[in-house]
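Biologist: I'm new to this one. Could you put the structure up and walk me through it?

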Amino acid sequence: MKKNRSTERRIKVPLKKLIYRDRHLLVMCMPMIIFFFIFAYLPMGGLFLAFVDFKPALGINGSPFVGLDNFMQVFRNPFFPRLLKNTFLIGLYTLVWSFPFPIIFALAVNEIRSKKFQKAVQTISYMPYFISIVVIVGLMSNFLSPTTGVINTVYTMITGKDAVSFMTEPKYFRFLYVVSNIWQTFGWNSIIYLAALSGVDIALYESARVDGANRFRQMLHITLPCIMPTIIIMLVLNMGNIMSVGFEKIILMYSPSTYEVADVISTYTYRRGIVQSDYSFGTAIGLFNSVINMVFIVGANWFSKKFSDTSLW
């Protein structure tokens with residue numbers, strides 16, 4: 001039987017009709033498009049600072065072009081190995097320990113049968129995300145204070161040992177950073193997994209119950225496989241943020257005694273680029289950091305695409 005050529009022919013819809021058809025969706029997307037255009041794409045023009053010896057009086061275009069000299073200064077900097085190591089380790093620890101918590105929490109919340117209790121748990125878990133980082137670090141300083149902190153009071157009562165200055169001990173810095181990050185973000189990050197769980201077909205659970213599967217086996221063989229594409233996508237996106245350790249929380253937490261384990265690329269960029277007004281050097285090290293993040297996300301996406309059916313592109 002011959003195929004009808006008319007069915008094989010693609011129907012070309014004019015662009016104006018497509019825009020008119022999706023006008024409501026486009027209007028909803030406009031604020032986000034404008035936001036990224038202003039705060040993400042327009043600032044990319046400033047990356048040219050990394051290739052010039054910037055002089056404020058001369059401007060970007062008038063400053064002498066130095067090519068890769070700023071990048072060579074970055075690589076020759078005596079602090080660069082320490083910055084690279086600390087940034088990678090803090091980012092890796094944050095990914096390894098913070099990534100599973102929202103998934104586990106979403107699975108646990110999904111098992112709650114009382115809708116009122118479920119909503120209450122979700123609301124309480126979201127609250128820390130809206131607390132300022134300054135307040136978070138202030139709470140940590142108060143709770144961990146060696147003189148009046150609750151944690152040290154309980155510690156000395158139980159062990160009989162002297163109080164520990166957790167905030168100034170280098171060995172505790174990364175642990176405190178990761179734990180506080182988990183507490184602040186796990187509830188908010190679980191929203192996307194809860195949304196994915198709401199799309200799982202209930203008929204699958206009913207069939208599993210008929211076959212005698214308990215709730216744990218249902219979660220293991222139905223729930224997790226159904227949300228696995230979402231987990232993979234989120235993992236790939238998080239891989240692109242390994243080297244994006246923000247300077248705000250680090251600066252609030254660290255002290256000269258913890259520089260060895262706490263000083264990261266973003267904090268050094270802030271000190272060198274903003275405080276010391278070395279804008280070209282700060283842009284160069286920031287651009288290098290972004291390139292490393294891009295390599296991570298492209299590599300993670302390639303790995304995901306090779307070993308699964310899920311990828312960003």
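Modeller: A term to start with: a charge sits over a ring if NZ of Lys or CZ of Arg is within 6 Å of the ring centre and within 35 degrees of the ring normal. Also, this is a predicted model, where local features need pLDDT of at least 70, side-chain atom pairs count only at pLDDT 80 or more, and totals for chains, interfaces and linings use all residues. Residues are numbered from 1 along each chain as its sequence is written, and side-chain values use heavy atoms, with hydrogens and water left out.

Biologist: Which residue has its charged end over the ring of Y259?

Modeller: Look 5.6 Å from the centre of the Y259 ring. The charged end sitting there belongs to R271.

Biologist: And how far is K249 from the ring centre of Y177?

Modeller: K249 lies over the face of Y177. Its distance from the ring centre is 4.8 Å.

Biologist: How many aromatic pairs are there in the whole structure?

Modeller: Rings of Phe, Tyr and Trp (its six-membered ring) pair if their centres lie within 6.5 Å; planes under 30 degrees apart are stacked, over 60 edge-to-face, and the rest tilted. Some rings join up through such pairs: Y126, Y129, F130 and W188 form a cluster. The search of the whole structure gives a total of 20.

Biologist: Are the planes of F105 and F186 stacked or edge-to-face?

Modeller: A pair of aromatic rings is described by the distance of the centres and the angle of the planes. Here the centres are 5.1 Å apart and the planes are at 90 degrees. That makes F105 and F186 edge-to-face.

Biologist: Is F186 buried or exposed?

Modeller: Buried means under 20% relative accessible area, exposed over 50%, and partly exposed in between (1.4 Å probe, protein chains only). F105 has 15% and is buried. With 18%, F186 is also buried.

Biologist: Which backbone oxygen does the side chain of S180 reach at 2.8 Å?

Modeller: S180 lies in helix 11 and is buried at 7% relative accessibility. A polar atom of its side chain lies 2.9 Å from the backbone oxygen of Y177. At 2.8 Å, the side chain reaches the backbone oxygen of L176.

Biologist: Which helix supplies the largest share of the lining of the largest pocket?

Modeller: On a 1 Å grid over the protein atoms alone, a pocket is an open set of points where a 1.4 Å probe fits, with protein on both sides within 12 Å along at least five of seven lines; lining residues have an atom within 4 Å of a point. This pocket is lined by 22 residues, with T94, N181, T185, N238 and N241 nearest its centre. Helix 6 (80–98), helix 14 (215–239) and helix 15 (247–253) are among those that each supply at least two lining residues. The largest share, five residues, comes from helix 11.

Biologist: Where is S277 found?

Modeller: The phi of S277 is near 60 degrees, a positive value in a residue other than glycine. S277 is partly exposed, at 43% relative accessible area. It is found in the loop between helix 17 (265–275) and helix 18 (279–307).

How values were computed
Helix = DSSP H or I, 4+ residues; strand = E, 2+ residues; numbered from the N terminus. Polar contact = N/O pair within 3.5 Å; in protein donor to acceptor, adjacent residues only side chain to side chain.
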